[in-house]
Amino acid sequence: MEILTARAGDVLIGGGNPIVAQTMCDTHTSDVEATVAQCRILAEEGARLIRITVPGLPDVDHVKRIKSTLRADGIQTPIVADIHFSSQTALAVAPIVEKVRINPGNFHKDHAEAVKRFRELIRVCKDSGTAIRVGINHGSLGEYITNLYGNTPEAMAKAAMEWLGICLEEEFLNVVVSLKSSNTRVMVDAYRSLSRAMREEGHVFPTHVGVTEAGNGDSGRIKSCVGISSLLSEGIGDTIRVSLTEPPVAELPVAKYLAARYDRKIVSSMTSVSLKDRKAVATYHSPSFETLLMDVSCDFGKRLLDNEIDDLTLEGDYLDESGNTVSIAESGKGAYLVDELMQAARRRFYRPEYIACPGCGRTMYNIQSALAEVKAKTSHLKDTVIAVMGCVVNGPGEMADADWGYVGEGGGKVSIYKGKTPVLKHVPETEAVDRLLELIEGKSI
């Protein structure tokens with residue numbers, strides 16, 4: 001069995017190298033100055049790879065200018081071009097950047113044509129020394145795969161294995177693979193299936209791991225930690241992103257924590273744990289609430305996902321921002337964290353489930369404020385899954401688990417979806433959340 005290593009610039013991924021924390025710009029790529037400024041901040045804060053969306057051919061020149069400006073400033077952080085659908089854009093940008101992220105199945109509806117275009121990209125990347133990430137998301141499986149295997153974690157793994165097989169045929173091994181989902185159980189099952197399949201085939205490619213559209217705040221951090229840590233604890237995952245609907249710099253503390261923990265550079269603040277009748281009681285003495293949140297999520301997320309335990313009680317204390325000792329139980333934070341953890345592991349739901357993309361250069365409205373308003377006005381809808389997506393390019397496909405969707409169109413307008421069907425289009429942003437709530441509650445059509 002061959003354990004493979006990918007290279008993006010001077011960053012090695014896989015093969016026993018340290019876990020690589022990355023993030024993605026949310027600026028418009030055409031705004032070169034803003035994107036360069038954000039890249040500077042992200043590099044300073046520890047991002048080892050920075051992804052930039054490339055919506056179309058006109059943006060290739062923008063990416064070239066962004067990279068040359070950063071290199072002139074002495075910033076060597078590798079740039080990853082994020083491509084959706086356009087193989088021509090991928091071919092044009094590949095020689096400029098250190099890595100290209102694509103879903104080959106989106107290159108063309110005809111599978112044979114998609115394969116042909118993927119082979120062409122491989123040859124360009126081989127000539128230019130550019131890495132490829134084959135990125136397949138739960139909501140973006142093509143008809144070719146779903147007709148054969150359904151829309152399942154196993155289907156995601158089979159799709160990835162087919163594209164990796166083509167890479168092997170082309171003798172191109174500078175490849176990373178990802179299988180993301182906003183559903184932690186689907187995401188973990190998919191990566192486990194992929195890991196088994198790669199080992200059986202005999203070539204283990206590096207994996208990029210993340211919970212896509214995790215949302216924001218505590219819930220987004222907990223969900224990300226549950227999914228990512230479950231895999232890292234099993235040796236699955238070589239580069240990670242924590243996808244939050246917040247400024248991208250906010251993703252990095254969580255990503256760096258996860259990388260350090262599973263590179264065995266830090267340990268949990270848990271001091272004891274007991275188990276009786278499948279219920280765990282854990283004691284922590286934590287230096288901060290954020291550390292407590294991440295420790296608890298990593299210590300017990302996998303156990304809940306794998307049904308090893310059914311419930312959890314948290315005891316002990318943490319230090320608040322003023323350095324005061326706070327009781328976990330008496331503050332109510334213990335019960336709150338357990339509720340959030342149960343929801344993230346999909347064991348018990350106490351509030352709506354939110355799917356929200358982090359935003360990128362394709363996002364044409366303020367997704368962070370929209371998500372905050374949606375959450376504020378729908379918090380009473382316990383058994384509902386609501387998606388808030390940045391654009392119509394991949395939003396409708398990516399909200400695979402959602403009952404309802406709020407998708408930005410650009411130009412101050414929003415489409416509202418019931419499942420995967422748009423039921424209202426061109427709704428002004430100022431009215432969209434209220435219209436969404438009316439539809440969910442059955443007050444309008």
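This is a predicted model: local features need pLDDT of at least 70, side-chain atom pairs count only at pLDDT 80 or more; totals for chains, interfaces and linings use all residues.
A disulfide requires two cysteine sulfur atoms within 2.5 Å. The search of the whole structure accordingly returned 0 disulfides. Cys-39 likewise takes part in no disulfide, and its nearest cysteine sulfur, that of Cys-25, is 3.6 Å away. Because its relative accessibility is 0%, Cys-39 also counts as buried.

The strands considered next form an open sheet. This sheet comprises 8 strands with parallel pairing, arranged in the order β9-β8-β7-β6-β5-β4-β12-β11. Its edges are formed by β9, spanning 175-180, and β11, spanning 208-209, each of which pairs on one side only. Within the sheet, β4 (residues 20-24) and β12 (residues 239-240) run parallel and are joined by 2 bridges. Val-20 stands opposite Thr-239, a residue of β12.

A further strand, β20, covers residues 413-418 and includes Lys-418. When neighbours within four places in sequence are set aside, the residues in contact with Lys-418 are Asp-403, Trp-404 and Val-423. Between Lys-418 and Ala-160 the C-alpha to C-alpha distance is 29 Å, and the two residues are separated by 258 residues in sequence.

How values were computed. Residues are numbered from 1 along each chain as its sequence is written. Side-chain values use heavy atoms; hydrogens and water are left out. Buried means under 20% relative accessible area, exposed over 50%, partly exposed in between (1.4 Å probe, protein chains only). Two strands pair if DSSP finds at least two bridges between them. Helices (H or I, at least four residues) and strands (E, at least two) are DSSP runs, numbered from the N terminus. Contact means heavy atoms within 4.5 Å.
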